[in-house]
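Have your viewer open and try each one before reading on.

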Amino acid sequence: MSQFRFRSPSALPGFGIAYGFTWIWLSVIVLIPLGAVVLWAASLGPAQIYAIASRPQTFAALRLSFGLSLAAAALNAVFGLIVAWVLTRYSFPGRRLLDAAVDLPFALPTAVAGIALAAIYAPNGWVGSLVPFRIAYTPLGIFVALVFIGLPFVVRTLQPVLADVDRELEEASATLGARRATTVFRIVLPTLVPPLLTGFALAFARAVGEYGSVIFIAGNIPGVSEIAPLLIITRLEQFDYAGATAVATIMLALSFVVLLIVNLTEAWTRRRLGRG
Amino acid sequence: MNRRTAIAFLAALSFAAPVCAGQAVAQTRLTNVSYDPTRELYKDFNAAFEKSWKAETGEDVRVQASHGGSGKQARSVIDGLNADVVTLALAADIDAIASATGKIPADWQKRLPHNSSPYTSTIVFLVRKGNPKGIKDWGDLVKPGVQVITPNPKTSGGARWNYLAAWAYGRQQGGDDKAKEYISALFKNVPVLDSGARGSTTTFAQRGLGDVLLAWENEAFLSFKEFGEDKFEIVYPSISILAEPPVTVVDGNVDKNGTRKAAEAYLNLLYSKEGQTIAARNFYRPVSPELADKADVARFKDLKLVTIDADFGGWKKAQAEHFGDGGTFDQIYQPK
Amino acid sequence: MADAAPPSSPTSESPAARLALIAVAVIFLGFFLFLPLIAVFTEALRNGVGAYLAAFDDPDTISAIKLTVLVAAIAVPLNLVFGLAASWAIAKFEFKGKSLLLTLIDLPFSVSPVVSGMCYVLLFGGQGYFGKWLQSHDLQIIFALPGIVLATVFVTFPFVARELIPLMQEQGTSEEEAALSLGARGFRTFWSVTLPNVRWALLYGVLLCNARAMGEFGAVSVVSGHLRGLTNTVPLQVEILYNDYNFVAAFAVASVLAGLGLVTLAIKTGLEWRYGDEISAAHRR
């Protein structure tokens, strides 16, 4: 064990207390409570958890939640890229206002967003009455809500990187006779792939668990428009704690994996770029 | 801004506003945990009880109400919500509290008259003015192109009454197999399952979705009052169910809180002339109609009603058979 | 933020393409961001200013506002202290398992709010692991202030730390080392060197944390019990009013929360405008 170094030497004081406090507080607020969920689910045994997860209704809800979250994160990746591009590279009247508004889904309470979205996309709402198909109370409505809450993640992870991109490379590319489109797609966009993936993953992770803004606009029909968090609530309200924790554990495991991948990618990128 | 003001601002921001949630005066507090559509009823009734308790004992009492889907409310009490009385949508939810916590004796439903239900209701159809889809009875609900709004029976008490009323109609057409067929067809026409009765009413009335709302009779009448008489009509089906929302004292909690006397008086007042009058005024059918206002009682139409005990073998059986895991409701959504 | 290049530069898009991109961005944001916001205020003011103001005449709404302020006033400082400690340990030192620790700090962010509320029910609820003990000692955690505070702390857990860590990492340790070598003690170094360097990011983290703390719905809904005038926070009160068919009041109260969000964004934009580099560095992960 003598070769093992837990931390690199540093002149700064206070590591022990800050590090210890971080773990203690983290344990009290996050780890122990989440541990309770896992522990409760574990009392079922793996066979039982598998049985719950593979039940058609559970499976359909998980598939819906993950599928729609992926789709919403993908749409956000495309439009988020355009928004971030426009906000960092162009100047036009109202740019600052747009820039500020991107954080709105962060700051706006989810329940407020939910009833507002329901009011807009209901059959008699502003948008709902204009289109010939239903938006609210269908998977499409859930999709709209998930796009709403996921948007800031993509834009905010892309913006600083986009601002940092070395313009000289683009100039060089242009000097060598590349058309603008070629420069953008061959030179600029590849450097944006890591932050785009991070933003995508964050938007996805957030969307999978979202409840407040979705619940008012989802149709909640089992197998069609019932999301996984609602399934947890439904099970809880039927006094089926074990069932609720089983679904919750599956979701927890998945979001942990997504986040771990994001953080490892970030650490790897930082090391590669020699930052930090 | 220099550094010091910035830090001072931060400090002010985080530590300011030590306003306390107001609860200063020492007075008896009674908590009534109820289901969704009773909001208006208990708003009225709580005020009446506070007055009557003051007149009787000279003490001030404040009744705190909590409303939500019946199952969710029962879950909260099981998890430790300090309810003195529960007034839920159906006996099964109170049974669940009794068996999970032991705070209510198993035979609670025998303690008060009429199965511990001081008021009853039934399930009716609310349709849009002029009844454009010509809905007369349950049979019309399964026609193609008719959209039916009902909450989710897994979480809403009212929805369970809806479901059983529909089942009773289906059974009338040719036994339980027929009923199962009918109910599957019915739920094919349901585009939204809200978690509580209120959510469904809002979806139907405010959001304009659906052709017919399966609703508590009291909720249907209330929607006239809230949204205007010119928007909706009530249709009474040929058969429905006698919905008995029961009430009980939570013994384990009142003994701890020292509120047993007030809690019992609260429930007894529901059965008195005053309570029955208030119930009828809020569109609930009083169990002693002679005590309530004649004009209020006259609104309720007579119709053929099945009951949970005689026709479904009680809530214990009905709950497991229809709404438990793998029950008839789950089977509707099972891919074949 | 980079200034726009002149229109005809070879390193920028053609004016038509730029216009198209801007149009796409504006339409997209308009649909997904501005429309809901406008809807809130339109619905709130549907019956005029009088009806709007009348919504705040309800004692239950007032006590919901008080409770929400109280909860935020407890939860935000707790996360502020945690955020400072965590970012000090993570940004200024190298140790094994840093990615794991970061992931765990981020976890509440992607945990469904429903689960965040439920985990406290499993611990402190009547059927929970500590339920019997709490009941025999007559302690109420869920369906009371402590439960609401816990759920709020949980959902806002990463906000301050997440704003500080990237910035402090970027700034490195040289300034602190200089201060120490000049004889300053540890805490003094932190107070007069580190803290001033990150103050704007810190303020922004606190603001976001505060907005989220006041606006949390899902997690608080599970642990609140919905006792009117007692354990209802503002977002829950919005739901209650909405379900009471009191739509104008629901949107009026909601508009306060939306307004809080807007104020947060306005302060943040103001800060960025004056101290742009510092803050944008915080986002440079």
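**Exercise 1.** Leaving aside its neighbours within four places in sequence, which residues is A:Ser65 in contact with?

Some ground rules before the solution. This is a predicted model, where local features need pLDDT of at least 70 and side-chain atom pairs count only at pLDDT 80 or more, while totals for chains, interfaces and linings use all residues. Residues are numbered from 1 along each chain as its sequence is written, chains are lettered from A and ligands numbered from 1 in the order written, and side-chain values use heavy atoms, with hydrogens and water left out.

*Solution.* 
- Start with the location: A:Ser65 sits in helix α3 (residues 56-89) of chain A. Helices here are DSSP runs of H or I with at least four residues, strands are E runs of at least two, and both are numbered from the N terminus.
- Next, apply the contact criterion, heavy atoms within 4.5 Å. The partners of A:Ser65 are A:Val208, A:Ile227, A:Ala228 and A:Pro229.
- Finally, check accessibility: A:Ser65 has a relative accessible area of 3%, so it is buried (under 20%; exposed is over 50%, partly exposed in between, with a 1.4 Å probe and protein chains only).

**Exercise 2.** Describe how chain A is divided into domains.

*Solution.* 
- Take the bounds, which come from an automatic or database domain assignment: domain 1 covers 14-43 and domain 2 covers 46-273.
- Then get the spacing: the C-alpha centres of these two domains of chain A are 27 Å apart.
- Now look at where they touch: 5 residues of domain 1 of chain A contact 8 residues of domain 2 of chain A.
- For the whole chain, count 12 helices and 0 strands in chain A. Its C-alpha trace spans about 70 × 65 × 30 Å along the principal axes, and buried residues make up 61% of the 276 residues.

**Exercise 3.** At what angle do helix α2 and helix α11 of chain B pack?

*Solution.* 
- Two packed helices are described by the angle between their axes and the distance between the axes.
- For α2 (residues 39-57) and α11 (residues 260-271) of chain B, the angle is about 120° and the axes are 10 Å apart. That makes α2(B) oblique to α11(B).
- List the residues that meet: α2(B) brings in B:Phe45, B:Phe49 and B:Trp53, among others, and the α11(B) side includes B:Ala265, B:Tyr266 and B:Leu269.
- Sort the contact residues of α2(B) with α11(B) by type: 10 nonpolar, 2 polar and 1 charged.

How values were computed: Axes fitted to C-alpha atoms, helices over the stretch in contact; angles between N-to-C directions. Parallel < 35°, antiparallel > 145°, perpendicular 65-115°, else oblique. Nonpolar A, V, L, I, M, F, W, Y, C, P; charged D, E, K, R; others polar.
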